[in-house]
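Happy to walk through this one with you.

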There are 2 protein chains.
Amino acid sequence: MNLILLFPDDFVEGAGHEDGGIVRLTGRRCRHVQEIQRAEVGDELCVGRIGGRIGRGRVIRIDADLLEMEVRLEREPPAPLPVTLLLALPRPLVLKRVLLGATAMGVKKILLFNCNRVERSFWNSKVLREDALPVPLVLGLEQSVDTCMPEVLLRTRFKSLVEDELADLAAGTLRLVAHPEAARPCPREVEGRVTLVVGPEGGFVPYEIEQLEGCGFSPVALGERILRVESAVPVLLARLF
Amino acid sequence: MNLILLFPDDFVEGAGHEDGGIVRLTGRRCRHVQEIQRAEVGDELCVGRIGGRIGRGRVIRIDADLLEMEVRLEREPPAPLPVTLLLALPRPLVLKRVLLGATAMGVKKILLFNCNRVERSFWNSKVLREDALPVPLVLGLEQSVDTCMPEVLLRTRFKSLVEDELADLAAGTLRLVAHPEAARPCPREVEGRVTLVVGPEGGFVPYEIEQLEGCGFSPVALGERILRVESAVPVLLARLF
């Protein structure tokens, strides 16, 4: 936790002020500050307001499960990556790691979709529940010292995604689909916004690649080696930006 | 498992022939072929001989826990990445993932070292045991269709690593240490061999960075964001090569 993310309910004073106030924390963040960061009264910690600025919180009170800080918020969060990530729904453990990692790298729009080689049962995963889905996103922001939550969309029908939605979603962007069999290598340091599609373990079936190509997506590869989704996503983002 | 890795003991014929033979598999690989790949007699699967060539195995017999293949090995494995990765020992679960991911990306020399912010207990991890350490490496090769095992070295004393060994180890290479506070960004598409040092969660202490700089290592960063080790390693490798 390189940044303690603050939510409106944490503020006991100054909830509406963009430059700071007084916060009171309990639970996970309070324990982290006491047990991992071992902060004491007077120490300053890196904090940020969800969707807002980043700054310092000076500890003014510590109790068993209570922490109060006086917060000054001075700078804007880091710039987002200009990318929309479309990801075939991976298995739950991988999904958590990929959401955390992509959030930490600055992705702000993630669309999880179904296709032929996505196991049906993955859609019943607890990770996708409304109360669970923000957890890896918050961890990603805390890791990377950011405050702006990504938007995560779910699409259970590939055909309708491609036929009804993708053209608008990807309008005006460079459209790439990661495909180990592609002849073209993934480009480096591109300009402008990218829509990046990453398929399931086992890859897309040929018909799906054709559909994406029909929608203006170019298949690109990362060389001879086939990477797992949790490596492929950071590697692709690192090349592109 | 995009490649079934074959070891000398698997060969019932042609153990000494670099271009193929007959193999008999039991256990994990046999179950994978039957349950995940759902292969039948006559099917061809991607195989490779440890340290050697890659090719196809034609299934000639399947029993409950037995699989036989006629193997032809035709092409060389993919080129290794020209990098030595020096990694502050992470916690066990992260270590497994990083070893798998680095192996999949083609790293062939990994040195795990101790330093100030590495927890002592990590060195007692089962992952480091002689029988356990190859497991994530084999998974990484199977993932990335490679056959050449990385060498993994362990160094429990930072001071002696830096003072007695690092100059020789890094001779003639570009020397970089990933350091979130560095002003210089990590270079892209470098030429020649690199020695890349990645610190612990929480980073190096200033004295350690000074020691590495004294040894010719330049601190480089990946931008404003701080990434976890399991993201930072693939991102650094993707930038460098």
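**Domains, chains and cysteines**

In this predicted model, 13 residues of domain 1 of chain A are in contact with 9 residues of domain 2 of chain A.

Q: Which residue ranges make up domain 1 and domain 2 of chain A, and how far apart do their C-alpha centres lie?
A: Chain A is divided into domain 1, covering 4–75, and domain 2, covering 83–240. The C-alpha centres of these two domains of chain A are separated by 33 Å.

Q: Which residues of domain 1 of chain A lose the most area to domain 2 of chain A?
A: Between them, the two domains of chain A bury about 680 Å², with 67% of it on carbon and sulfur atoms. On the side of domain 1 of chain A, three residues together account for 56% of what is buried there. They are Leu5(A), Arg28(A) and Ile54(A).

Q: Which residue forms a salt bridge with Arg28(A)?
A: The count between domain 1 and domain 2 of chain A is 1 salt bridge. For Arg28(A), the closest N and O atoms of the pair are 2.6 Å apart, which is a salt bridge because the cut-off is 4 Å. The partner is Glu142(A).

Q: Which element gives the largest share of the side of domain 1 of chain A that touches domain 2 of chain A?
A: Two elements of chain A, α1 (27–36) and β4 (44–49), each supply at least two residues of that side of domain 1. The largest share is 3 residues, and it comes from β4(A).

Q: How many salt bridges are there between chain B and chain A?
A: The contact between the chains takes 28 residues from chain B and 28 residues from chain A, and the area buried there is about 2500 Å². One salt bridge pairs Arg225(B) with Asp146(A), the closest N and O atoms being 3.1 Å apart. Between chain B and chain A, the count of salt bridges is 4.

Q: Which elements give two or more residues to the side of chain B that touches chain A?
A: Across this interface, 16 residue pairs are in polar contact. The elements of chain B that meet the two-residue mark are α2 (92–104), α3 (134–144) and α6 (229–240).

Q: Why is Cys148(A) in no disulfide?
A: A disulfide needs two cysteine sulfur atoms within 2.5 Å.

Q: Is Cys215(B) buried or exposed?
A: Cys215(B) is in no disulfide, the nearest cysteine sulfur being that of Cys115(B), 15 Å away. Its relative accessibility is 14%, and the cut-off is under 20%, so Cys215(B) counts as buried.

Conventions. Residues are numbered from 1 along each chain as its sequence is written. Chains are lettered from A and ligands numbered from 1 in the order in which they are written. This is a predicted model: local features need pLDDT of at least 70, side-chain atom pairs count only at pLDDT 80 or more; totals for chains, interfaces and linings use all residues. Side-chain values use heavy atoms; hydrogens and water are left out. Buried means under 20% relative accessible area, exposed over 50%, partly exposed in between (1.4 Å probe, protein chains only). Domain bounds come from an automatic or database domain assignment. Contact means heavy atoms within 4.5 Å. Buried area is the accessible area (1.4 Å probe) that two parts lose on being put together, summed over both. A salt bridge is a side-chain nitrogen of Lys or Arg within 4 Å of a carboxyl oxygen of Asp or Glu. Helices (H or I, at least four residues) and strands (E, at least two) are DSSP runs, numbered from the N terminus. A polar contact is a pair of N or O atoms within 3.5 Å; within protein, one must be able to donate a hydrogen and the other to accept it, and residues adjacent in sequence count only if both atoms are side-chain atoms.
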